[in-house]
Every structure is written in structure tokens, then in C-alpha cells.
Amino acid sequence: MRTHLTHWGAFEADSDGYRLTAVRPWPGDPEPTRLIENVASAQHHRTRVDRPYVRRGWLERGPGGRGRGSEEFVAVSWERALDLLAGELGRVYGEYGPAGVFGGSYGWASAGRFHHAQSQVHRFLNCLGGYVRSVHSYSLGAAEVLLPHVIGSMDWLERSSTAKSVIARHTGLVVAFGGISPKNSVVGVGGASRHDTRSWVRAARARGCRFVSISPLRDDIPEEAAAEWIAPRPGTDVALLLALAHTLDAEGLADRAFLDRYTVGYERFLRYVRGESDGTPKTAEWAESITGVAAERVRGLAREMAAHRTLLTVSWSLQRAQHGEQPLWAGVVVAAMLGQIGLPGGGFGHGYGATTAVGDPDPRRALPRLPQGCNGIDRFIPVARIADMLLNPGDRFDYNGRRLTYPDVRLVYWCGGNPFHHHQDLTRLRAAFERPETVVVHDPFWTSTARHADIVLPSTMSVERDDLGAGQWDRMLFAMPALTRPHGAARDDFAIFAELASRLGVGEAFTEGRDAGQWVRHLYEGWRSADMPDFEEFWRAGSLELAVPDPEQVLCAEFRADPVGSPLSTPSGRIEIFSETIASFGYADCPGHPVWSEPAEWLGAAAAARRFPLQLVANQPRARLHSQLDVGDFSRSSKVAGREPVRLHPSEAAARGLRPGSVVRVFNDRGSCLAGLVVDDAVRPGVAQLSTGSWYDPDPADPSSCRHGNPNVLTADRPASSLSQGCSGQLALVEVAAVSGEVPAVAVDEPPAVADS
Ligand code: PGD
């Protein structure tokens, strides 16, 4: 019985050396999740990559994109694969330098501090001189750029969020824009040891705290909250927030003393809210015409918020949309108008429920980390601009006040991520992936990304290697001894890079003379303080609990106590309701204060612009993390007719004559996918909810059509704004129709066509 950590929880497992024979939740976890069931069932699935492969066309014709994504793969020995790849890396670095290599390689990979795939690939490419990197994340692309201008960095905000226990004890009203998702809150970057969302929500409720969840989905908040559900048109939350601001101002409920002392730019914002700057007062009636939420309810909510100790939270999903910066910024502003920022249980929060960790008090101790070395060049893209970069080398684009140029990338190296899951408009991504001369992918599985590569190297799963594991802001550090030997000929990413580095003459720089076991020990020993157990003792004990200096932390408490001595990290040191910096960039799609702007695809658009009648909500899945282990038992148990479930309100299903459990076609003019219909009144009318992460399974006759239900064939590859260039994959307009005739089978749960060399 040994312990293992995943992004979705810790478990204990027995093994026969090859398989996990029993998996039980870690006993310290009060609310374990069934996602742990995916690990054992996926580990030896037929879609594991069992040995190295090279696409036939690349092997026979040399570098070039023709045939990528459709040709068969040829199995090769490790020696041959590594020789070929080292030769190709040598060629590309020699001809184009580091700017010819994209190593942005975004993705969550697996838990484990040493075998963290991104750290490994970045360290390796840095040894070769560097690479084009990516900045920010698909999770938080808009927030990570906006928030430093407005209140402080995303990292600071997450670390300092008011503790859940403080909310449970002090808050009178939680107004949760985007809910507090019970399914997302089971996941934490790098690992989630103790799940507690239902517990803290239950405790708050039992004390009398009221919850209001503002979301198109009723189940975006735990049942324990017994929440009032307000369901505006998706993508219009900022209008609702502006109307709350209007009511607070009109009824004299704004806390002027707080605003004067702790914020800048309120008067400029007020001119907009009152309609003095644009002729449109942002009244509750104005908001009703946009959101569909009754004006009286909005006014009533504003009054309740002013009358109670109120926490206003905004989920991460809201900023994953066009103009995604706006609801977040407006959330900060309304919380500032209430004057409770810095008080226990009051103020602002971002991402409660988005991961386990938000609201976990910060142990304030950096985790052990593999040094990534130094990148010899400074070329980057905001992460969600990958297709633009590959399709438009040399083009200029805006980003956070800068004009940048897309590099001319010749080789793409992906390790630990699945862009054919995470990116928007997969048909466009497919075209973009034809451009580079060579695409290299390390992955344990034949994901769609691996199927769009030239060289595919099989990496181990985390259960197949020794490591240390800890989640961001989690207080547990786990010893993660290998539970089984590797599947087939899979190797650790570290071992693969060590071999390549040695062929390319940088072996010593990459390994520093250590093997994987020595690195794990070295990272722990270099990290621990004198009062912590040495490596042997830690490994034997299996885990270590970190102390938390302030279990009752309250966001901005120090700033509230002393705004001069403990200023925020914004340019003014205060909350920026109007940002001179952002205004100076001159972006029409992100001016100097929060505004409502019509998105390109929303339910309130004029009929001519609304070519498809349903708003797709492409949110995170319930039965897996992203696309990980989609072939695992728990993920498969969530499928309907073998496809990803799409949920529709009964009225929408009836209007289309659709039967629950049938395969339906979800489509717009970018593409289509097949999904299994679930009829559910927990979904607002006008909405089709289809989670991300089912492996993209393009129909060979029409690659814009996915047989398995991946919503990213439907989403637009459109940035949140010129400010952030963040991912906007959460929303798109679609239609849903019955499928007549024979339904094509799903093929992505079989490996691609392969041949022996
Ligand atoms: P994962 O499925 O976690 O998705 O995108 P991300 O690419 O992170 O991919 C991780 C990959 O790493 C898997 O293929 C897994 O097999 C592989 N892997 C695991 N362990 C290892 C390892 O040790 N070595 C190697 N080499 N590989 C490994 C997630 C992204 O999707 C995120 S974070 C968000 S928040 C976005 N959300 C949305 C959304 O809300 N809506 C839409 N439409 N699209 C989204 N995409 C984004």
C-alpha cells in the first residue's frame, strides 16, 4: 500500500508490479473524488503509446507537414527515434536558431515536482539555447494580464484569498458569479490533498449564510448551498454588475469613505455608470434588456449586498470568454463600492470552486522545483495565440501595451499538454499544425495531439516513476514511489531528454550528473529546512504536512489596515477602478474601466447576427480532468451513447423533437460534433452545455466534424481582448439537431494505424 498524488486527489494503491490492483482514497481526504478511478483503468488501455513512432511520410520524405494527422505511424526502436530526433533538433537549431523552435508546450501534465513535463522540456530546450515560449494559461489568460493593473497579480490573489473557514464563519451573503463549481473544485494544479468544498459551504449555510449563484447552470454550486439561482444570458454578467453598481450609487449605498481611501478612478467609472459619458445610464432596466434578469431582482440584490457581510466572487470561467476581463474587473469594483474588501468574510474573491486550492490558507513556502535554466532568447506568445503564430509568422499583434511579432516556427515540441483538446477552433488548429516542418510529442497516450505529430515518444504515467508531489498552496507534500513498472517501452520524459541531450552535446548540463532518483532526493534535500525529516525518513513516512502561518487569512486585510504602509502592487498602490495604464494602450475592446461590450456570439445579438440559436457553454468536465484519462472507467461512465453528454433544457429538446439518450449533432459554421443528449432543467433555456475533454475524433471525410463530442470544433479562436489575448473558449453559438441514419462509430479509443519498421 503506497500513496500517490494526482491533480484530482491523493490515493493509496496496491499493485502487482504491473497493474494497480486496489485504489482507495487517501484517508486524510474528507471528500474524496471518483476521478481517482480513471487511473488504474486507463493505465494499460490500448491507447497507451507502447513504443516510439514516426509518421511514415516524415520518415520517408523528411520534414514537412503533408499527411500530418492522417498518415500511419511506423514503430521504431528508441535508438533510432532518438537519433532521428537529435539530428532534426541539430538541423533546426543550426538553420533557424532558438526562434525556430516552439517549446511553449502548454498543459497540465501530471502531478509530481521532478517529472513535471513542462519543467523538463523547458530545461532541455534551454540547454540547446532556448525556444519560443508561451505566457499565461488557458485557465486564466484574461485574469493574469488584467488583475496586476487593477488589484494585484493573479498569483498573489490566489495565495491571499480569504480562507474558506473565514467565509464559513463570517459571511452573510455569498454572491457567486459563475457559481462555486463542485466539479472543478476537486482539482488542484499539482495535486489536491483535502477536498472540502461541500463541507465549508455546508458550514456557512448552517450558520445562516445565504448563497446566490449567477450562472446558466443550476448545478454550478453545491446542493449544500441551497442557493438562489439567477441565470442571466451567458456572457452578460458585466451588465448585471454594472446595474448593481448603478443601484448602489443611485440609492446612496456605495461606501464613499472606502472608495476615497482605497481606490482610484471611481468618478470616471461613475460617469459611465450614470450614463454621463455615453448617454446610457446602466440602470437595472438597461441590464434586464441585456441579461434577461428582472430589474427588480437586481435592485433587490444590490440592497441585500449592502445590508450584509457580502463576499462577491467571480469564477475563472467568466474570464474565459470574449471581453472576459470585464466581469472580473466589474466584480472588483462592485466589491469596492460595498466597502468590505479586507474585512473577514466580505469583499472580493476570484475562483472559489475553480480549484481546491482557492481559499486554502497559504503555507507561504515555495515548493521543490526543477531549475529550468536560462532561455537564450526572449520571444513569446500569449498561450492561446498558437494557431495565429503558426499561420501568420511575421505578423504583428497587440498584447498588454506592446506590439509583438509572431516568430517563424519550424519545429514544435509538445510535452505534457494536449492542444487538440485545449485550443479553440480545432479545424483551424489542424491547418496551423500543417505548417511546421516537424512536430514532436511526448505523451503516455495516443491523444489527438500525438496523432498530429511526426515523432511520438511514449512517456510514463506518474504511477510508473518515483517523485515528490504537492499542489500549489496545498499543505501536504507526498512521497510518490513508483507503483508499477512502465507500460510497454515508455520512458520518463527526463530519461528521454537526458538521452537527447547527450547526443546533442549538452548531457552534463541537462542532468548535472544525476539520475532521476538522485534528482528527487536532491530536490527534497535542497528544499527542506532543518526541522523537517531527511529524505529517508520522509520517503518512509510517505508524506509531510507544512505549517500554515495564517489559517484565518483575509484578502487585503493588511492593505485595509494601512493602505500607505501596505499598498497594493498596482501602479497607484490602490484598487484601480479606472486604470490610466490600460487606458493609455488605447484598446477599443478594453478601455480604462469596466464596460459592457456586445460579444460576437451571444443570445441577445440582433437576429441577423445570431445565426445559431443556442449558447454553447463549453465548461470543464465532471468525470475527468480536461482530456486526461478520457479512456478511464469513470470518464467513460459519464458518456451517453459513447459520446460526451450535451445537456439541454426540456423546452429546447422538445422544440427540436430530441430524445434523451440519443446521439445529436451540435453544429455551427466552424464545425460540428456528435454528442449524447441529456435533458435537464438545471440548464437555462437557450443553453447547450457540452464539457471539454473528450478526445477529438475527426471524421476522416470531414475533419471539422468530431464523432466524440469535443466542443472545441465549435468554439472560436478569438482572443478575450487585445489586452490579454487570453483564451475565450467558454462560449459560442450553436444549434443542436437529431441525427438521422447510421451514426459513425467513435474511433479515437483505438490506437491509430501503425506498422512495424
Ligand atoms: P490536459 O488534458 O490536462 O489538458 O489543457 P491541457 O493541455 O492542460 O493535457 C495534459 C496532457 O499531458 C495529457 O495529454 C496527458 O496525457 C499528458 N501527460 C500527463 N502526464 C504526462 C507526463 O508525465 N509526460 C508527458 N509528456 N505527458 C503527460 C487544459 C486547458 O484546456 C485548460 S487548463 C483550460 S482551463 C481550458 N479550458 C477550456 C474551456 O473552459 N473551454 C474550452 N472550450 N476549452 C478549454 N481549453 C482549456
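Which atom of the ligand does a polar side-chain atom of S459 lie 3.2 Å from? Have a look for a second. It's a nitrogen atom: the polar side-chain atom of S459 and that ligand nitrogen are 3.2 Å apart. Keep in mind as we go that this is a predicted model.

Okay, two other contacts to find. Go to D493, where an N or O atom of the side chain is 2.6 Å from a ligand nitrogen. Then go to S627, whose side chain has an N or O atom 2.5 Å from an oxygen atom of the ligand.

As for the elements around the ligand, the ones that give two or more residues to the shell are α16, which runs 419-422, and β18, which runs 438-443.

Now the whole shell. There are 34 residues surrounding the ligand, and the closest are S110, H422, R465, D493 and S627. Sort the shell residues by type and you get 8 nonpolar, 22 polar and 4 charged.

Last stop, a pair of helices. We describe two packed helices by the angle between their axes and the distance between those axes. Here the pair is helix α3, residues 78-96, and helix α19, residues 493-503. Their axes come within 10 Å and cross at roughly 55°. Because of that angle, α3 counts as oblique to α19. And if you want the handedness, α3 passes α19 in a right-handed crossing.

Conventions:
Residues are numbered from 1 along each chain as its sequence is written. This is a predicted model: local features need pLDDT of at least 70, side-chain atom pairs count only at pLDDT 80 or more; totals for chains, interfaces and linings use all residues. Side-chain values use heavy atoms; hydrogens and water are left out. A residue is near a molecule or strand if one of its heavy atoms lies within 4 Å of it. A polar contact is a pair of N or O atoms within 3.5 Å; within protein, one must be able to donate a hydrogen and the other to accept it, and residues adjacent in sequence count only if both atoms are side-chain atoms. Helices (H or I, at least four residues) and strands (E, at least two) are DSSP runs, numbered from the N terminus. Ala, Val, Leu, Ile, Met, Phe, Trp, Tyr, Cys and Pro count as nonpolar, Asp, Glu, Lys and Arg as charged, and the others, Gly among them, as polar. Axes are lines fitted to C-alpha atoms, for helices over the stretch in contact, and angles run from 0 to 180 degrees between N-to-C directions. Angles under 35 degrees count as roughly parallel, over 145 as roughly antiparallel, 65 to 115 as roughly perpendicular and the rest as oblique. A crossing is left-handed if the near helix is turned anticlockwise from the far one by less than a right angle, and right-handed if clockwise.
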